[in-house]
Amino acid sequence: MRNYHYRTLDELEVTGKKVLVRVDFNVPLENGEVTDDTRIRAALPTLRRLLANGATLVLMSHLGRPQGPEARYRLAPVAERLSALLGQAVRYQATDGPASSAMQEFALAAPPGSVTLLENTRFDARETKNDPELARILAGYGEVFVNDAFGAAHRAHASTEGVAHLLPNAAGLLLEREITVLGELLRRPAKPFKVILGGAKVSDKIGVLRNLLEIVDEVFIGGAMAYTFIKARGGEVGASLVENDSLELATGLLEQASSSMVSLHLPEDSRCATSPQHPDDLMVFPSNRIPAGFRGLDAGPKAIAAFQAGLADAHTVFWNGPLGMFEFPPFDAGTRAIAQTVAALDAFTVVGGGDSVAAVNASGLQDQIDHLSTGGGASLEFLEGKTLPGIAALSRP
Ligand code: ADP
Ligand code: MG
């Protein structure tokens with residue numbers, strides 16, 4: 001894996017300075033309200049530290065994938081929630097983008113000690129192109145730059161990568177913790193190191209699996225991706241979700257696992273139905289003998305028991321991806337059972353991935369997991385061993 005070099009927050013002089021902070025406030029909204037503020041809360045330690053040290057903050061974040069300025073992607077609800085959490089008014093003005101002339105006037109008028117939230121960086125089409133002119137305007141809002149947006153660190157955008165080249169900079173506390181924890185998993189995990197991978201698409205997780213197979217002792221595969229592996233081994237998976245394009249890749253990964261002496265477990269049985277919305281015909285079948293018309297929608301009882309037994313002696317666990325269609329109870333049972341198991345382990349436990357973290361939160365187990373990664377795509381790319389441009393752009397101490 002790559003070794004990153006960056007200044008920590010303590011190594012950056014911020015007193016009396018305007019600090020431009022890239023945060024990840026890409027939160028879910030419904031009817032103009034923030035429905036899950038985990039990511040806003042995750043940025044608070046850095047923001048509080050900077051304010052306590054006498055900084056003036058100018059914050060920038062993207063939200064969603066707007067095509068230009070779109071009212072429903074404005075950061076107004078985020079500013080409101082941040083204000084409440086911080087206990088301090090957050091300056092915000094709805095404009096066409098982070099670099100509009102109204103925004104420039106507003107941001108440059110920030111009084112000492114204030115917190116200003118810029119409009120959604122993706123309102124400006126130049127953001128995702130890492131345009132130097134946009135980076136220059138954003139950098140003009142601060143005297144130093146802090147990147148605390150781990151969830152966006154795998155993107156080379158103007159607000160993540162571009163600005164880092166233009167100002168003295170440092171990693172925020174959240175970014176630093178993510179790099180430390182995930183880096184530890186790749187470098188010197190306490191053994192046995194066991195990984196649970198679930199979710200929908202094998203193709204999303206191939207890179208991670210490939211890289212982790214060289215490090216881990218055991219892998220447990222669940223969720224829809226298991227059926228691609230089971231089919232690749234010649235099983236009958238009925239109407240379960242299968243990526244037919246990835247069958248060869250799955251075979252290759254099974255071979256890699258056996259030549260790396262990693263035991264790779266697939267769910268022995270599955271809880272199946274003809275549709276997730278109509279669980280009245282729920283039945284348990286061996287995962288390699290699912291009848292036509294039935295879909296494997298959750299891990300079965302034998303599979304869960306085997307995964308639980310296999311995890312018991314782990315000293316490090318990384319979990320990404322739910323074991324079933326947990327949004328549709330009763331197909332959340334396997335995911336909930338594994339969440340309970342992981343939470344109760346006497347091991348260093350890390351959960352990454354938007355849906356997996358949501359499942360942990362829904363079970364109320366968030367305090368019993370050592371690290372919940374705030375970056376779905378970013379944590380996967382990190383564990384794949386890829387270089388994350390948002391971190392790589394930070395300067396050496
Ligand atoms: P994460 O966000 O934690 O990385 P993914 O996005 O990879 O996880 O996968 C989550 C999705 O996988 C959920 O929407 C879930 O419904 C789906 N999923 C899990 N198991 C199955 C299954 N057996 N059949 C269909 N979809 C599944
Ligand atoms: Mg997801």
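Which residues lie nearest the centre of the second largest pocket? In this predicted model, they are Gly199, Ala200, Lys201, Pro322 and Asp355, which belong to a lining of 34 residues. Residues are numbered from 1 along each chain as its sequence is written, and chains are lettered from A and ligands numbered from 1 in the order in which they are written. As the model is predicted, local features need pLDDT of at least 70 and side-chain atom pairs count only at pLDDT 80 or more, while totals for chains, interfaces and linings use all residues; side-chain values use heavy atoms, with hydrogens and water left out.

The second largest pocket holds about 560 Å³ of space. Grid points are joined across faces, edges and corners, and a volume is the space filled by probe spheres set on the points. At least two lining residues come from each of helix H7 (202-212), strand E16 (295-299), H12 and H13, with E16 giving the most, 5 residues. Here helices (H or I, at least four residues) and strands (E, at least two) are DSSP runs numbered from the N terminus. By class the lining has 14 nonpolar, 13 polar and 7 charged residues, where Ala, Val, Leu, Ile, Met, Phe, Trp, Tyr, Cys and Pro count as nonpolar, Asp, Glu, Lys and Arg as charged, and the others, Gly among them, as polar.

The largest pocket has a volume of about 1,200 Å³. Its lining comprises 45 residues, and Asp24, Asn26, Arg39, Thr374 and Gly375 are the closest to the centre. Two or more lining residues come from each of helix H1 (38-52), helix H6 (173-187), helix H12 (354-362), strand E19 (371-372) and helix H13 (376-384); H1 gives the most, with 5 residues. The classes number 12 nonpolar, 20 polar and 13 charged.

Turning to the sheets, an open one of 6 strands runs in the order E12-E10-E9-E17-E18-E19 with parallel pairing, two strands being paired if DSSP finds at least two bridges between them. E12 and E19 stand at the edges with a single partner strand each, so one side of each has no neighbour in the sheet. Strand E10 (residues 218-221) pairs with E12 in the parallel sense over 3 bridges, and Val219 has Leu264 of E12 as its bridge partner. Helix H10 (residues 301-311) packs on this sheet, touching E9, E10, E12 and E17, and its direction makes about 155 degrees with that of E10. Contact means heavy atoms within 4.5 Å; axes are lines fitted to C-alpha atoms, for helices over the stretch in contact, and angles run from 0 to 180 degrees between N-to-C directions. H7 lies across E9, E10 and E17, at about 165 degrees to E9.

A second open sheet has 3 strands in the order E14-E13-E16, with antiparallel pairing. Strand E14 (283-286) and E16 are the edge strands, each pairing on one side only, and the twist averages 50 degrees from one strand to the next. Strand E13 (residues 269-273) and E14 share 4 bridges in the antiparallel sense; the partner of Arg271 is Val284 in E14.

Among the helices, H8 (residues 225-232) and H9 (residues 247-259) pack at an angle of about 80 degrees with axes 8 Å apart, which makes H8 roughly perpendicular to H9 (65 to 115 degrees; angles under 35 count as roughly parallel, over 145 as roughly antiparallel and the rest as oblique). Thr228, Phe229, Lys231 and Ala232 of H8 meet Leu247, Ala250, Thr251, Leu253 and Leu254 of H9.

Finally, some backbone details deserve a look. Most residues other than glycine have a negative phi, and most peptide bonds are trans. Asn130, not a glycine, has a positive phi of about 50 degrees.

Notes
On a 1 Å grid over the protein atoms alone, a cavity is a set of points where a 1.4 Å probe fits but cannot get out, and a pocket is an open set with protein on both sides within 12 Å along at least five of seven lines; lining residues have an atom within 4 Å of a point.
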